[in-house]
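Okay, thanks for coming, everyone. Let me put the thing on the screen and we'll walk through it.

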Amino acid sequence: MPADDIDPWDDPTAKPLIRFDRVTKRFGEFTAINNLSLNIFETEFFALLGPSGCGKTTLMRMLAGFESPTEGHIFLSGQDLAPIPPNKRMVNMMFQSYALFPHLTIYDNIAFGLRRQKTPKAELAERVDEMLNLTRLEKFAHRKPDQISGGQRQRVALARSLAKKPKLLLLDEPLGALDKKLRQETQFELMDIQEKTGTTFVIVTHDQEEAMTVASRVAVMDEGQLVQVSTPDVIYEMPNSVYVADFIGDVNLIEGKAKKVEDGIDLNWAENQPTLHCKTNKSVSNGQICHLAIRPEKITIQSDTPETKNKVQGTILDIAYLGNISTYHVQLSSGHVIKAQTSNTRRIARRSFTWEDTVWLSWTETAGIVLDK
Amino acid sequence: MRRYFLIITPYFWLISLFVIPFLIVIRISLSDPEISIPPYTPILSLEEGWSGLLQFLRQLDLDNYIFLTQDALYWKAYLSSLRIAAFSTIIALFVGFPIAYGMAKVQRKWQTTLLILIILPFWTSFLIRVYSWIGILSTEGYLNQVLLGLGIINQPLTLLNTPFAVYVGITYTYLPFMVLPIYASLEKLDYSLLEAAEDLGCSQISAFWLITVPLCRAGILAGCFLVFIPTLGEIIIPSLLGGSNTLMIGKVLWEEFFNNRDWPVASAVAVILLIILIIPIVLFQRNEQKQQDLGTR
Ligand SMILES: Nc1ncnc2c1ncn2[C@@H]1O[C@H](COP(=O)(O)OP(=O)(O)OP(=O)(O)O)[C@@H](O)[C@H]1O
Ligand SMILES: [Mg+2]
């Protein structure tokens with residue numbers, strides 16, 4: 001038995017619910033999924049992130065049964081999915097295009113899956129009402145899909161895919177058309193449903209904040225491959241590549257030549273600039289080109305010379321005011337632009353820096369992370 | 001002003017090309033035959049003013065309609081026409097739907113070609129196409145020769161001048177009218193809906209019945225009406241392929257009109273034919289309206 005405090009993905013004995021075993025999917029000449037292996041565990045909330053066209057929907061469609069892998073196998077609870085048609089899989093999918101049945105009312109759309117499995121009438125009515133309630137669509141139950149708004153349609157699609165209480169629920173950008181408030185509420189609702197029902201969720205999203213909020217693990221994809229699969233905090237704090245660091249959140253990437261020192265590396269990155277020191281246990285060879293990735297919020301901005309080892313001086317080029325935080329774009333004498341973020345604890349009129357000010361930027365030895373690919 | 005003009009235009013056509021001619025036909029159907037020009041009586045003459053009009057109205061009667069009920073020929077012809085039209089529609093649906101389905105499923109670059117192939121027979125005159133079926137179906141025709149040659153039969157079959165030949169002719173002629181509207185509605189169908197249905201537990205067959213068929217209902221109904229309505233009054237195909245033992249109301253009408261020169265009875269036949277057609281269309285419209293109202297309740 002795995003101990004309670006070990007997450008299943010860290011437990012080598014845990015049995016995954018879904019296993020992608022070296023799956024490749026080609027459309028003609030084009031490779032949409034490239035030799036991908038992945039385990040997803042029961043009751044996980046698994047988020048897929050990646051640029052448009054990287055193969056997220058294709059991955060989902062293979063799970064749902066609408067595409068079959070060109071090579072490799074997909075297992076659900078240890079069973080090879082290949083011979084099982086979509087209608088026999090314990091998997092429901094919310095389509096990116098919603099795919100609502102235009103000739104049926106909202107009520108009948110949601111009841112569609114339940115009717116196919118011959119749910120008793122009373123139970124069916126109760127379940128559909130529950131779904132209508134959850135997605136706040138009670139008032140629209142007897143309308144047709146073309147008589148409601150885009151966001152409402154999205155909620156119908158969500159309710160329809162939830163109605164059958166599937167073992168695995170695939171959500172392809174489920175909340176994109178909702179306003180921020182409703183989106184957040186629905187996110188918490190989804191997490192709630194997930195906790196209550198123990199359904200495993202795989203969700204595609206373009207919104208990293210959403211992925212960070214809801215997911216137990218996040219997979220970052222690029223061109224049909226997984227670049228990194230980890231918990232949200234690891235993805236954010238310890239990206240394994242420049243690609244992931246750049247894709248998730250805002251980041252300063254400083255390219256330079258590494259020099260090994262006892263507790264990490266020194267990065268020689270520009271003439272007339274001090275070397276930057278970073279603690280790391282990554283094995284980097286002397287003279288290797290690598291990147292130092294530092295999140296803007298880990299950089300302190302001040303007018304007097306800081307005490308720390310990593311510091312650079314520059315002038316403020318631009319200020320992005322976002323209400324709660326401001327991002328300062330600081331140009332160094334070498335031409336590099338570095339972003340630093342501070343939270344706006346003071347009112348805007350009393351802000352300490354403005355355009356053209358000369359400021360110091362500094363960060364600790366552990367703030368950055370060294371990336372060699 | 002513009003708006004009224006837009007509304008008036010279709011009503012103008014409808015009234016001048018349908019309502020007025022129909023009223024004339026009804027008026028003739030209420031008169032009596034007469035050897036004269038025009039071959040019926042009474043004739044309305046406005047010279048006598050009001051009394052002339054009253055005189056005219058008094059002479060109109062339902063005699064022709066009563067006559068139609070007394071001679072079994074007529075209702076037999078109506079029934080037989082209805083049966084032939086209904087069967088032909090069903091056959092055309094069963095043949096046409098798979099054709100439309102195949103056309104909609106095939107790669108896009110082939111669709112235009114197939115569409116042209118469906119319309120291509122219209123380049124040839126309708127009469128010539130029906131005549132060519134005589135060449136195929138007659139006792140010495142191509143079909144019998146092929147079957148004899150293959151040894152499937154050893155006596156030529158009598159195909160021409162049978163109901164079979166009529167069904168073949170009608171189905172062949174009206175098939176494009178079935179295929180085109182169904183194709184148009186299938187082509188618009190979003191195939192992710194079928195995937196969604198399967199995802200929710202439908203087999204492919206039940207997804208077809210629950211999603212595909214209801215969503216191209218409009219196309220199917222349009223196709224059925226486009227085949228049923230002209231078939232009901234069809235005259236050339238039964239005359240050429242059905243011989244004397246195929247009774248159809250179009251033929252009866254033709255004979256009343258041209259052979260007997262009995263315009264009033266011919267008009268009565270036409271009026272009843274129209275009523276037979278209008279009733280199902282009105283019922284259908286009502287039903288459609290009801291469904292719409294349910295949706296917006
Ligand atoms: N049926 C198909 N035939 C050919 N190429 C396809 C097909 N389906 C998808 N592709 C290609 O595969 C790639 C991955 O597509 P996919 O739909 O999985 O992207 P995605 O990651 O979901 O993108 P988005 O975020 O825009 O939805 C794309 O480049 C797409 O053009
Ligand atoms: Mg997609």
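**Cavities, metal and sheet**

So, let's start where the two chains come together around a hole: β6 and α4 of chain A and α9 (191-199) of chain B each put at least two residues into the lining of the second largest cavity. Helices here are DSSP runs of H or I with at least four residues, strands are runs of E with at least two, and both are numbered from the N terminus.

Ground rules: this is a predicted model, where local features need pLDDT of at least 70, side-chain atom pairs count only at pLDDT 80 or more, and totals for chains, interfaces and linings use all residues. Residues are numbered from 1 along each chain as its sequence is written, chains are lettered from A and ligands numbered from 1 in the order written, and side-chain values use heavy atoms, with hydrogens and water left out.

Back to that second cavity. It holds about 40 Å³, and α4(A) makes the largest contribution to its lining, three residues. From chain B you'll see B:Ala196, B:Asp199 and B:Leu200 in the lining. Seven lining residues are nonpolar, one is polar and two are charged.

By cavity I mean a set of points on a 1 Å grid over the protein atoms alone where a 1.4 Å probe fits but cannot get out; lining residues have an atom within 4 Å of a point. Points join across faces, edges and corners, and volume is the space filled by probe spheres set on them. For the classes, Ala, Val, Leu, Ile, Met, Phe, Trp, Tyr, Cys and Pro are nonpolar, Asp, Glu, Lys and Arg charged, and the others, Gly among them, polar.

What about the largest cavity's volume? That one is about 100 Å³.

Now the metal. The magnesium ion, ligand 2, is coordinated by A:Thr57 (OG1) and A:Gln96 (OE1) at 1.8 to 2.4 Å. A:Thr57 sits in helix α1 and A:Gln96 in the loop between β6 and α2, so the pair ties together parts 39 residues apart in sequence. Donors are N, O and S atoms within 2.8 Å of the metal (3.2 Å for Na, K and Ca), and water is not among the atoms, so sites may look incomplete.

Last, the sheet: six strands of chain A, open and mixed, ordered β6-β7-β8-β3-β9-β10. Its edge strands are β6 and β10. Strands pair if DSSP finds at least two bridges between them.

Methods. 1 Å grid on protein atoms, 1.4 Å probe; cavity = no way out; pocket = protein on both sides within 12 Å on 5 of 7 lines; lining within 4 Å.
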